[in-house]
Amino acid sequence: MTTIKHTTTLTQRPAWQALEHHYREHKDIHLRKLFADDPRRGERLTVEAAGLYFDYSKNRITEETVRLLVRLAEECGLPERIEAMFRGDKINLTENRSVLHVALRAPRNRQILVDGVDVVPQVHGVLDRMALFSDQIRTGQWTGYTGKRIRNVINIGIGGSDLGPAMAYEALRHYSERDLTFRFIANVDGTDFEEATRDLDAEETLFIVSSKTFTTLETMTNAHIARVWCLRKLGHEAAVARHFVAVSTNAEEVSKFGIDTANMFGFWDWVGGRYSMDSAIGLSTMIAIGPENFRALLAGFHAIDEHFRTAPLEKNLPVLMGLLTIWYNNFFGAQTVAVLPYDQYLKRFPAYLQQLTMESNGKRVTFEGVHVDYQTSPIYWGEPGTNGQHSFYQLIHQGTKLIPCDFIGFCRSLNPLGNHHDILMANLFAQSEALAFGKPASDVQAEGSPDWLVPHRTFGGNRPSSTILAERLTPETLGKLVALYEHSVFTQGVIWNIDSFDQWGVELGKVLAKQIIPELESASEPQPRHDSSTNALIRRYRMLR
């Protein structure tokens, strides 16, 4: 097992203490001054790599800030940890696993070893099987039990088995096969299933059941009701094998369900759920956009992987993003990050990032099991522009909380209509400018506002943001954006000395739920023995259901 031993706590590191001193000296410097003192700041504090342009000039930093943050990353062993991950070392210590989502998008000629075995051929073997199956669905070669063509594809999963495919489908809908309908069921609330299936014909519907163990409570509850729904129309157990496939590693349970294990697509324990959208979990994505576009998606991931692995820290996009999060989270006390994509196709991207970031770094103990004395993951949230501007931007501009923002935009629209895209991007640029520079009271007074109204119309500015620009939203670009945040999360976790790849925090509630289910289902059960609140809620539910 890989071990990590830190004799110095994070807050005792020389670079951390230097950053604390630097923060005290620079925390009140306004972005207006930083730009006035350096007319070329907006050109210098940028990085361009792998087709992404990253402008971080509107952050409350100087070159010295970046130098100290990079020094902190070096003191925390970030370069060594990056190499360890790509090498296949078991850096997920609490589960004794490698962390190799980067292997999912490695070219065929790469070699990545796990316990002495090259996993790249295995990855491409699954991808090739996915491609064959996807083409069969897309061309109509695969038919349902009654011989009808499959026209509806429903992914049943939860967490990473749902958020990744659902986000990717929405993000790449422009490239999807429009003759096929795609839906996603995750919530164990029956409403999710009913609304996803109510207008569909079982004879034309394929379910992809995505569960590594094939025992996940929510997923299998939905899978079994989907089985009932299908058989109610199709009438014969043999129909299951034509209307269900599995993304799983549990061949016994898959077969017991009635799915032909030849139509089971596997992945590995070195792939975490929230890092799995480019594995077999992405089967619905591949069916939607086609194998060629899916491989372009993987190429985008790989381009950022290589940049992250090889670029100097001070010119490394994911590293800079991660370090900026450290700067605001741990020194300015910012509790959230807003992700604001100016593209309607990315409407589910902030929701996807919520699991990626907060399940990864929502930890309170270090690798050594010691409670941290500093903040770890901030809360990630957001909505696509310009919707958010008429919702929560008021708080970002004039509220009492400091909220760093990531703006994401594209120079070319996939759906050019009139001057819509110019208006959209003008809003993106205007919002980042307004946040940075605000509107001083003197300007408001010069416009003739009465004195009593001046404070209300004054914008303090000095609100930090970064902007990510790409040419247009393609499968390759989406892969780059996801990998960018994946490696930013990893960077933050290394600095905080936490395991970004386990998720023990989701387990306790699931265990307790399994204990409570039989108490809800039968009024003859003994009096439930929980706390007084839970007991009262159970009694009320039994009485009113």
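Visitor: Which residues does Phe349 touch, leaving out those up to four places away in sequence?
Guide: Met167, Val339, Ile408, Leu481, Val482 and Tyr485, where touching means heavy atoms within 4.5 Å. This is a predicted model, with local features needing pLDDT of at least 70 and side-chain atom pairs pLDDT 80 or more, while totals for chains, interfaces and linings use all residues. Numbering runs from 1 along each chain as its sequence is written, and side-chain values use heavy atoms, without hydrogens or water.

Visitor: Which members of the largest nonpolar core touch the most others?
Guide: Trp270, Phe349 and Leu478, out of 124 residues in that core. A core here is a set of buried (under 20% relative accessible area, 1.4 Å probe, protein chains only) Ala, Val, Leu, Ile, Met, Phe, Trp, Tyr and Cys joined through side-chain atoms within 4.5 Å.

Visitor: And what's in the second core?
Guide: That one is separate and has 25 residues, including Ala196, Phe244, Ala246 and Val254.

Visitor: Switching to the sheet: what's the strand order?
Guide: β6-β5-β7-β8-β9, an open sheet of 5 strands with parallel pairing. Strands are DSSP E runs of at least two residues, helices H or I runs of at least four, numbered from the N terminus; pairing takes at least two DSSP bridges.

Visitor: Which strands stand at the edges?
Guide: β6 (181-185) and β9 (264-265). Each has a single partner strand, so one side of each has no neighbour in the sheet.

Visitor: How many bridges link β8 and β9?
Guide: They pair in the parallel sense over 2 bridges, with β8 covering residues 244-247. Ala246, listed above in the second core, stands opposite Met264 in β9.

Visitor: Which residues are closest to its centre?
Guide: Thr216, Gln503, Val506, Glu507 and Lys510, from 47 lining residues. The largest share of that lining, 7 residues, comes from α21, which spans 507-521. α7 (160-171), α9 (217-234) and α15 (349-361) each supply at least two.

Visitor: How much space lies in the second largest pocket?
Guide: About 370 Å³. Of its 16 lining residues, Asp343, Gln344, Ser413, Asn415 and Leu424 lie nearest the centre, and helix α17 (residues 420-437) gives the most, with 3.

Notes
1 Å grid on protein atoms, 1.4 Å probe; cavity = no way out; pocket = protein on both sides within 12 Å on 5 of 7 lines; lining within 4 Å. Points joined across faces, edges and corners; volume = space filled by probe spheres on them. Buried < 20%, exposed > 50% of the residue type's maximum accessible area, 1.4 Å probe, protein only.
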